[in-house]
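This report describes selected features of a multi-chain model. The sequence and structure are shown first, and the account follows.

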Amino acid sequence: MSQTQMQTSSRAAATAAAPTLEVRDLQTHFFTRAGVVKAVDGVSFTVGRGKVLGLVGESGSGKTVTGFSILGLVDAPGRIVGGEILFHGQNLARLKEEEMRQLRGNRIAMIFQDPMMTLNPVLRVDTQMIETVLAHTKVSKEEARQRARDTLGMVGIPSPDERLKSYPHQFSGGMRQRVAIAIALLHRPELIVADEPTTALDVTIQAQILAEVQKLCAETGTAMIWVTHDLSVVAGLADDIAVMYAGRVVERGAVSEVLDQPLHPYTHGLIGSVPSRNKRGEKLRQIPGMTPSLLSLPPGCAFRTRCPRAQEDCARDPALSELLPGRLARCFHPHVATHGSAVQGSVTQGSPA
Amino acid sequence: MSTTSTVRSAASVAAGEAAAPIIELRNVSKRFSKKLDFAGKIAQKLGAPVKDETVHAVDGVDLVVRKGEVVGLVGESGCGKSTLGRMVAGIMPASGGEIFWHGRPLNSLSGAEARHAKLQTQMIFQDPYASLNPRMRVADIVGEAPLVHGLTRRAEWDAYVDNQMRRAGLDPAFKRRYPHQFSGGQRQRIGIARALAVQPEFIVCDEAVAALDVSIQAQILNLFMELRQELNLTYLFISHDLGVVEHLSDRVVIMYLGRVVEEAPAEEIFARANHPYTQALLAEVPRIEARKKSFAGIKGEIPSPLAPPPGCHFHPRCPHAFDRCRVERPALKEIAPGHKSACHLNDKVA
Amino acid sequence: MSASTASPAATTPARAPKVETPWRRFVSEFCESKLALAGLIVFAIIVFIAIFAPWLSPQNPYDLAQLDIMDGRLEPGARDGADTMTYWLGTDDQGRDMLSGIMYGLRISLLVGAGSAIIACAVGASLGLLAAYAGGRTDTVIMRLVDLQLSFPTILAALMILAFLGKGIFNVVIALVIVEWAYYARTVRGTALVERRREYIEAAQCLALPTRRVIFRHLLPNCLPPLIVVATMQIARAIALEATLSFLGLGVPITEPSLGLLISNGYEYMLSGKYWISFYPGIALLITIVSINLVGDQMRDVLNPRLKK
């Protein structure tokens with residue numbers, strides 16, 4: 001399957017409206033003493049207005065580096081070596097640091113797993129928020145405070161007026177994450193990259209934050225990339241899902257389709273590993289082995305050493321191709337659809353434009 | 001309803017309700033207090049609003065774990081589940097109440113007996129990085145305690161360590177390595193091999209799979225279940241992850257702010273949760289089956305254990321709270337065979 | 001074996017098969033700084049010279065029979081009266097060859113520095129570990145003692161101790177141990193307080209290992225990195241302190257001069273143009289201390305987990 005065919009098909013799958021973000025064949029490599037680590041090696045996806053994309057993968061899959069790459073936050077020894085990050089058609093990978101800084105925190109925002117990445121522990125919340133507002137917009141200090149207060153209220157912080165005068169350590173973990181989210185929302189960004197923002201939180205608090213996020217995306221039309229290892233959160237939150245393994249997207253599609261009928265054996269195994277999917281007390285369907293080191297990836301499909309469906313041809317590199325309408329996977333031997341349609345055939349056949 | 005209908009696996013049928021308790025906690029509490037220092041005392045004399053701070057990490061908990069059972073202990077951060085696990089494992093002394101080991105009070109045991117009891121209860125920790133001594137080789141991590149306690153002799157030591165490693169799914173060829181040369185899942189296996197090496201009958205798992213990737217988590221959970229069959233182990237499985245607990249446990253205990261709020265056989269609790277907190281927890285847990293669900297979230301935050309609300313700890317967040325909840329601590333009462341709940345609503349209905 | 005071998009791939013090595021011990025990693029990271037490596041090489045040379053001084057030096061400066069008072073205060077490069085040797089770095093007022101004096105002086109300085117550092121380290125680390133592990137009253141008593149010790153100006157304390165004990169190499173070592181153990185105690189206590197809360201200590205307790213074993217086999221090795229750094233820095237400090245004490249006339253006996261005493265000997269001739277008597281021992285002292293500090297700085301960077309990526 002050729003590159004152009006792939007792109008046309010994925011574009012056909014997208015909605016008619018231009019996506020907020022389109023990542024094409026992104027490659028971010030780290031040049032370390034031990035060798036080149038291809039943390040992100042050919043990642044493509046799109047996120048539309050008001051949509052949530054779940055970027056799922058285990059540790060070392062490159063999901064976080066992908067998120068950092070979009071915001072231009074990759075530090076040496078890593079750098080983007082290939083691909084395009086098209087934000088409303090503008091290639092972020094090519095932007096100068098200064099131009100990127102204009103976008104970051106303004107039209108694109110990030111939420112980290114640890115809210116203290118965003119918050120300065122020695123400054124009051126109002127100072128930090130007003131500074132953030134004034135960094136990108138010319139408004140009076142009073143207007144900036146007004147906006148800070150409104151945003152805090154929007155993320156569900158009670159009595160925002162008083163809370164503005166607090167220091168970050170005076171908040172609980174969940175509240176602190178809300179403040180970080182509020183700071184990310186100050187400029188009504190068109191895109192938010194959220195890196196495991198609820199992983200460290202308790203179930204009931206996580207549910208509160210997910211509820212706020214869901215509401216915000218629907219109301220403001222913000223596109224969101226939700227980076228996580230937790231399939232269950234993505235199942236409830238996201239519209240689309242991209243599953244990463246060893247630096248690559250191995251499967252992409254609408255959440256319900258991918259989770260109900262995974263094509264890639266890795267996605268299949270991952271879903272099988274979730275305890276609630278298995279009968280109580282029975283053995284879990286585990287994926288054998290462990291994530292390979294990015295320094296010594298096997299040639300061809302990186303998953304083939306752990307894959308129950310691997311055959312000899314997996315030593316060649318499979319391309320991310322549209323196996324079913326709107327469903328992309330990087331596999332020569334995907335799981336056959338339960339409805340009996342010849343999925344196997346469509347690999348070679350490609351998809352109609 | 002018969003009690004056996006709620007008991008599933010062969011192991012737990014064998015154990016049944018009649019099986020003798022391995023460990024029993026009666027009204028056990030753990031307080032951490034921070035006494036005022038000299039300057040603080042002077043400040044207090046001068047009228048400053050400072051006083052000794054006391055946290056009731058565990059507040060009057062009754063718990064029984066019977067031979068062959070897997071008991072799941074669930075709760076959110078600050079509920080005292082890890083502290084409780086450490087008291088059960090004998091790492092931390094209780095500040096109040098009594099702990100019975102095979103029916104005998106733990107603090108009445110002689111030195112040798114106490115050591116035996118301690119060895120019989122082992123713990124698997126949450127952080128596979130912090131729980132292994134970074135300066136020891138795997139062979140020493142696994143084999144140190146059996147040698148010290150005379151479970152093996154110098155001459156048989158190598159073979160003994162190899163066996164323990166193999167049982168935990170590790171290749172003995174790597175026993176000369178250091179922990180940092182292993183991945184998270186393998187480290188957790190080393191921790192399991194270390195615990196099994198002293199031949200325990202009871203294992204306390206404190207969030208043992210929380211730090212692992214999903215696919216690795218499945219491997220470790222499977223290993224726990226295999227070992228249970230093979231060695232007839234009893235588990236206290238502490239976790240915040242309801243999915244994991246549901247999969248593994250025969251009985252589930254739910255804690256909130258230092259107290260047990262509900263306790264029931266696993267099937268019962270997931271089908272008929274009684275306490276409003278348990279119900280909220282079950283409603284909020286993200287499930288892979290639920291698509292585009294609208295998250296609601298119970299209102300409010302988990303209160304600080306430093307200043308827990310009076311009465312029922314859950315009342316400020318409870319949608320059904322009434323006057324009595326605000327003043328009186330609800331007792332843990334049996335509402336169905338084997339099903340206990342600490343909620344005033346049960347009295348109201350009846 | 002059992003069914004648990006169902007996951008055979010889980011036993012594949014985590015990294016490349018080459019066994020990477022913490023020591024090897026430490027060495028390779030240490031060598032990343034060329035400056036520190038240079039410091040280490042210089043320090044190794046200094047240690048070598050100090051150890052083999054009797055075989056390397058042209059003269060035994062302690063053997064008064066070999067000294068000729070007529071050769072006193074000769075310039076660098078001058079020949080001796082009998083025209084048998086060259087005083088490359090000149091001589092002092094007693095006709096002692098400065099080069100030999102410096103070589104022997106290094107012996108004394110390093111011996112005093114390293115000796116006091118090792119003893120202070122052993123004493124301080126034990127007390128620090130005890131304070132951290134026992135906690136409560138023991139902790140309070142030891143740490144207040146440390147505070148008391150550190151609140152004294154080091155020089156003043158050492159002077160007072162030496163005034164009480166009298167001169168001599170051994171007494172200097174004792175004085176240095178007394179003024180320096182507190183640094184080790186405080187460092188070890190800080191690290192041990194963090195380490196003892198780690199889960200591996202709980203695991204050791206769970207395995208019912210004897211307390212002594214937990215402290216020395218589990219806790220101590222993990223407190224070593226900062227201790228090594230402090231020890232390195234303190235050797236340099238001890239050498240400088242000994243030099244100061246000797247310069248002030250309270251250190252080693254005049255018959256066995258250390259670097260500090262050599263400097264002191266030449267001090268009165270400094271302004272009369274005979275710079276070399278103080279200057280060259282001073283340079284030797286400087287190089288020694290700088291090289292140790294370079295090594296110590298790099299060790300701190302390598303061994304500090306907070307600076308690691």
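In which loop of chain B is Gln199(B) found? Gln199(B) is found in the loop between α7 and β7 (202–206) of chain B. The model discussed here is a predicted one.

## Local backbone features

Gln199(B) is not a glycine, yet its phi is positive, at about 55°. In chain A, a cis peptide bond with an omega of about 10° joins Ala76(A) and Pro77(A). Pro77(A) has its place in the loop between α2 (63–70) and β4 (78–87) of chain A.

## Annotated regions and domains of chain B

An unreviewed UniProt entry annotates residues 23–282 of chain B as "domain: ABC transporter".

The domain assignment of chain B gives domain 1 (21–30 + 58–249) and domain 2 (270–350). Taken over C-alpha atoms, the centres of domain 1 of chain B and domain 2 of chain B are separated by 30 Å. Six residues from domain 1 of chain B and seven residues from domain 2 of chain B make up the contact. On the side of domain 1 of chain B that touches domain 2 of chain B, α9(B) supplies the largest share, three residues. That side of domain 1 of chain B has one nonpolar, two polar and three charged residues.

## Helix packing in chain B

Helix α7 (residues 184–196) of chain B packs with α8(B) at an angle of about 20°, and their axes are 9 Å apart. This angle makes α7(B) roughly parallel to α8(B), for which the limit is under 35 degrees. The crossing of α7(B) and α8(B) is right-handed. From α7(B), Gly184(B), Gly185(B), Gln188(B) and Ile192(B) meet Ile216(B), Gln219(B), Ile220(B) and Leu223(B) in α8(B). By class, the residues of the contact of α7(B) with α8(B) are four nonpolar, four polar and no charged.

Helix α7(B) also packs with helix α5 (residues 138–148) of chain B; the axes of α5(B) and α7(B) come within 7 Å and cross at roughly 25°. That angle makes α5(B) roughly parallel to α7(B). The crossing in which α5(B) passes α7(B) is right-handed. Here Val138(B), Ile141(B) and Val142(B) in α5(B) meet Ile190(B), Ala193(B) and Arg194(B) in α7(B). The contact of α5(B) with α7(B) has five nonpolar residues, no polar residues and one charged residue.

## Contact between chains A and B

The contact takes 40 residues from chain A and 39 residues from chain B. On the side of chain B that touches chain A, the elements giving two or more residues are α8 (214–231), α9 (242–248) and α11 (276–284) of chain B. Of these, α8(B) gives the most, with nine residues. The residues of the side of chain B that touches chain A comprise 16 nonpolar, 13 polar and 10 charged.

## Chain C: annotation and composition

According to an unreviewed UniProt entry, the feature "domain: ABC transmembrane type-1" lies at residues 106–296 of chain C. Residues 106–296 of chain C are 83% helix and 0% strand, with end C-alpha atoms 19 Å apart.

The UniProt annotation "transmembrane region", also from an unreviewed entry, covers residues 35–56, 108–135, 155–179 and 275–296 of chain C. The span of residues 155–179 of chain C is 88% helix and 0% strand, and its end C-alpha atoms lie 9 Å apart. For residues 275–296 of chain C, the figures are 95% helix and 0% strand, with the end C-alpha atoms 31 Å apart.

## Helix packing in chain C

The axes of helix α2 (residues 34–51) of chain C and helix α11 (residues 276–303) of chain C cross at roughly 135° and come within 8 Å. Helices α2(C) and α11(C) are therefore oblique to each other. The crossing of α2(C) and α11(C) is left-handed.

Residues of α2(C) in the contact include Leu35(C), Gly39(C), Phe43(C) and Ile46(C), while those of α11(C) include Ile287(C), Ser291(C), Val295(C) and Asp297(C). The contact of α2(C) with α11(C) has 10 nonpolar residues, four polar residues and one charged residue.

Conventions: Residues numbered from 1 in each chain as written. Chains lettered and ligands numbered in written order. Predicted model: local features only at pLDDT ≥ 70, side-chain atom pairs only at ≥ 80, totals over all residues. UniProt positions renumbered as here; feature names shortened; annotations may be inferred. Contact = placed C-beta atoms within 7 Å. Helix = DSSP H or I, 4+ residues; strand = E, 2+ residues; numbered from the N terminus. Nonpolar A, V, L, I, M, F, W, Y, C, P; charged D, E, K, R; others polar. Axes fitted to C-alpha atoms, helices over the stretch in contact; angles between N-to-C directions. Parallel < 35°, antiparallel > 145°, perpendicular 65-115°, else oblique. Left-handed = near helix turned anticlockwise from the far one by under 90°. Domains from an automatic or database assignment.
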